[in-house]
Amino acid sequence: DVTGRNDWSSALATPTSTDNVSFFYPSVSASFVVSNVFDLPEVVSFAKVRASWAQVGNDTNPYETVGVFQPQTPYNGQPTFGDQTFIPNSNLLPEQTTSYEIGADVRFFKDRLNVDVTYYDALIENQILSLPIALSSGYTQQVRNGGAVRSKGVEIVVGVSPIRTKDFNWSAFVNFSR
């Protein structure tokens, strides 16, 4: 499978620029059923390997790239407006997550024992953060791109079906992740 997506975000636009409003993110994935192609030992009922790579974009909340006046508590029935509480950033970029995953699903003894193993790795870049600043500035926060967060790990699911009859099936699964 191959996909491609492009988003346009009005929240990233400024009155003078639309440079950062478009972001493209693709993905590819594939799986291969080994047991359909190769003769495996009789104890192996099914075997499949899989892999994927993807990018995902994320924009921001409205009005974080330009300053706006926000509605305040009305006074004597009349609307009032005040400056926002954060410093906007006209150079804000969209967040981007790049991830890949590899795994295998192997079943034994006519599907009575299942083992599914997955390894994943994801990196989030250009995170959109609201950082606290001194109140003496007249604001409480400043919007910035910053940081890179990586999450990676492994997940293993083991399932057993010890009882399987015409009218009844009992299955149990254990999930481990780190």
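## Accessibility and the surface patch

A residue counts as exposed when its relative accessible area is over 50%, as buried when that area is under 20%, and as partly exposed in between. The structure described here is a predicted model. Valine 2 has a relative accessible area of 69% and is therefore exposed. Its place is in strand β1, which covers residues 2-8.

Valine 2 also belongs to a nonpolar surface patch, together with Val28, Trp53, Tyr100 and Ile102. The accessible area of these residues together is about 460 Å².

## The β6-β10-β9 sheet

An open sheet is formed by 3 strands in the order β6-β10-β9, with mixed pairing. The edges are taken by β6 (86-87) and β9 (128-132); each has a single partner strand, so one side of each is left without a neighbour in the sheet.

The pairing of β6 with β10 (residues 141-145) is parallel and runs over 2 bridges. Within this part of the sheet, phenylalanine 86 stands opposite glutamine 141 of β10.

## Glutamine 127

The loop between β8 (113-125) and β9 holds glutamine 127. This residue has 19% relative accessibility and so counts as buried, the cut-off being under 20%.

Beyond its neighbours within four places in sequence, glutamine 127 is in contact with Glu95 and with a group made up of Arg144, Asn145, Gly146, Gly147, Ala148 and Val149. Of these contacts, Arg144 and Asn145 fall in the residue range 141-145 of β10.

## Threonine 80

Threonine 80 is part of strand β5, residues 78-83. With a relative accessibility of 24%, threonine 80 counts as partly exposed. When neighbours within four places in sequence are left aside, the contacts of threonine 80 are Gln70, Pro71, Gln72, Thr73, Pro74 and Tyr75. For threonine 73, the backbone oxygen is reached by the side chain of threonine 80 at 2.7 Å.

Threonine 16 lies 64 residues from threonine 80 in sequence, and the C-alpha to C-alpha distance between the two is 27 Å.

## Tryptophan 170

Strand β12 (residues 169-177) contains tryptophan 170. The relative accessible area of tryptophan 170 is 42%, so this residue is partly exposed.

Not counting residues up to four places away in sequence, tryptophan 170 touches Val160, Ser161, Pro162 and Ile163. Valine 160 is 10 residues from tryptophan 170 along the chain, and their C-alpha atoms are separated by 8.4 Å.

Methods. Residues are numbered from 1 along each chain as its sequence is written. This is a predicted model: local features need pLDDT of at least 70, side-chain atom pairs count only at pLDDT 80 or more; totals for chains, interfaces and linings use all residues. Side-chain values use heavy atoms; hydrogens and water are left out. Two strands pair if DSSP finds at least two bridges between them. Helices (H or I, at least four residues) and strands (E, at least two) are DSSP runs, numbered from the N terminus. Buried means under 20% relative accessible area, exposed over 50%, partly exposed in between (1.4 Å probe, protein chains only). Contact means heavy atoms within 4.5 Å. Patches are made of residues with over 30% relative accessible area and no salt bridge: like charges are joined within 9 Å, nonpolar side chains (Val, Leu, Ile, Met, Phe, Trp, Tyr) within 5 Å. Accessible areas come from the Shrake-Rupley method with a 1.4 Å probe; for residues, only the protein chains shown count as cover. A salt bridge is a side-chain nitrogen of Lys or Arg within 4 Å of a carboxyl oxygen of Asp or Glu. A polar contact is a pair of N or O atoms within 3.5 Å; within protein, one must be able to donate a hydrogen and the other to accept it, and residues adjacent in sequence count only if both atoms are side-chain atoms.
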